[in-house]
Amino acid sequence: MKKTFTIILSILLLASCINNDYKETQKLISEADNFDIKTLSKITSKISDSKYSKDEALEIRNLYVQYLNDIGSQISDSINTLIFSTDIDNYKIEEITERKRLELQKYGIVLYNIEGELSYYILPYYITSLFIDYLSPCEIELSIVQQKEIEDPVIIDAGIVVPCSEIANRLHNTEMILQECTDSTCFQELHEFQQMYLMLLIFGIDNTPAFDWNTHEMDMDFKNEIINYINEYPELPSSKIFSEYIEILKKTNFKESKESRKFIEKLTKTFY
């Protein structure tokens, strides 16, 4: 009887500690008035050292991401104010920007320039790494796919900036993940990445079309990568779509045609 009581007491104490971790973290984030590195460090350490239930972890993660967004927004806005000020020289602004960039990147916040202004983004896998014990394998894989696309995007300024082979690699990786995540809440987001990579190989994009504007012939890189994909991964869903598309293109010696455009229009409606 005494042993049973001791076990129950231990369980209750553990539950109390977990609950306290959740309440203390929630309070720390909710009451954080200062969007500074010291406060951010304190909150991050608290999360790393705490234990939560899965639902609690999800709520803390949402609060933490919002806090990171608030910091990123506040700091980028403050530096943009300096950029458009005539009272501070560029060297000083660059010095401040670099210092903030180094401070924030430790916490998954990346400052970057876009059209002369400073903006920011948050690295998905940084967030995942803090809450990895509470996430499913599919959620973890999704964050890796997202981060890859942020750090090394396939598209910049409506043009493809990576080789077709890299797009095919990402398509294959995403398809393999999807096979393990059919019942996951992440399925739709992963599926959208798969659709994007597939459509890029089939049609290209505005500034990097798959077909020559004048001759209407398919670019060799796109053609070869699609055929290689079919040969290497014949059982994957994308290969079945590619195979149907290739059969259409063979009729015109791989020139764009009314039938190939109709196939793309039908596929686009299916996807989007």
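**Burial, rings and cores**

Mentor: Y229 counts as buried, at 2% relative accessibility. Buried means under 20% relative accessible area, exposed means over 50%, and partly exposed lies in between (1.4 Å probe, protein chains only). The model is predicted, so local features need pLDDT of at least 70 and side-chain atom pairs count only at pLDDT 80 or more, while totals for chains, interfaces and linings use all residues. Residues are numbered from 1 along each chain as its sequence is written, and side-chain values use heavy atoms, with hydrogens and water left out.

Trainee: How many aromatic pairs are there?

Mentor: A pair of aromatic rings is described by the distance of the centres and the angle of the planes. Rings of Phe, Tyr and Trp (its six-membered ring) pair if their centres lie within 6.5 Å; planes under 30 degrees apart count as stacked, over 60 as edge-to-face, and the rest as tilted. The count by this rule is 6 aromatic pairs. One of them joins Y229 and Y233, edge-to-face, with 4.9 Å from centre to centre and 65° between the planes. Y233 is partly exposed, at 22% relative accessibility.

The rings of Y229 and F242 have centres 5.6 Å apart and planes at 80°, so this pair is edge-to-face. Because Y229 lies in helix α9 and F242 in helix α10, the pair ties together parts 13 residues apart in sequence. Helices (H or I, at least four residues) and strands (E, at least two) are DSSP runs, numbered from the N terminus. F242 counts as buried, at 0% relative accessibility.

Trainee: Which residues of α9 are buried?

Mentor: An α-helix has 3.6 residues a turn, so residues three or four places apart point the same way. In α9, the buried residues are F222, K223, E225, I226, Y229 and I230. They pack against β4 (159-160), α7, α8, β5 (204-205), β6 (208-209) and α10 (237-250). Helix α9 itself, residues 220-232, has 13 residues and reaches 18 Å from its first C-alpha to its last, close to the 18 Å expected at 1.5 Å a residue. The expected span is 1.5 Å times one less than the number of residues.

Trainee: Which residue does a side-chain oxygen of D219 reach at the start of α9?

Mentor: A polar contact is a pair of N or O atoms within 3.5 Å; within protein, one must be able to donate a hydrogen and the other to accept it, and residues adjacent in sequence count only if both atoms are side-chain atoms. At the start of α9, that side-chain oxygen of D219 comes within 2.8 Å of the backbone nitrogen of D221. Elsewhere, a polar atom of the S239 side chain lies 3.5 Å from the backbone oxygen of Y229. S239 belongs to helix α10 and is buried, with a relative accessible area of 1%. Leaving aside neighbours within four places in sequence, S239 is in contact (heavy atoms within 4.5 Å) with Y229, I230, Y233 and P234.

Trainee: Which residues have the most contacts inside the largest nonpolar core?

Mentor: In soluble globular proteins, nonpolar side chains tend to be buried together. A nonpolar core is a set of buried Ala, Val, Leu, Ile, Met, Phe, Trp, Tyr and Cys residues joined through side-chain atoms within 4.5 Å. The largest here has 41 residues, and L198, I202 and F242 have the most contacts inside it. Two or more residues come from each of α6, α7, α8, α9, α10 and α11 (258-271), with α8 giving the most, 8 residues. Apart from neighbours within four places in sequence, F242 is in contact with L171, L198, L201, I202, I226, Y229 and I230. A second, separate core of 29 residues includes A32, I71, L111 and L123.

Trainee: How many disulfides does a search of the whole structure find?

Mentor: A disulfide is a pair of cysteine sulfur atoms within 2.5 Å. The search finds 1: C138 and C181, with sulfur atoms 2.0 Å apart. The torsion about their S-S bond is about -100°, so the disulfide is left-handed. C138 lies in helix α6 (residues 137-151) and C181 in the loop between α7 (164-180) and α8 (187-203), so the pair ties together parts that are 43 residues apart in sequence. Both C138 and C181 are buried. C186 is in no disulfide; the nearest cysteine sulfur, that of C138, is 6.2 Å away. C186 is also buried, with a relative accessible area of 5%.
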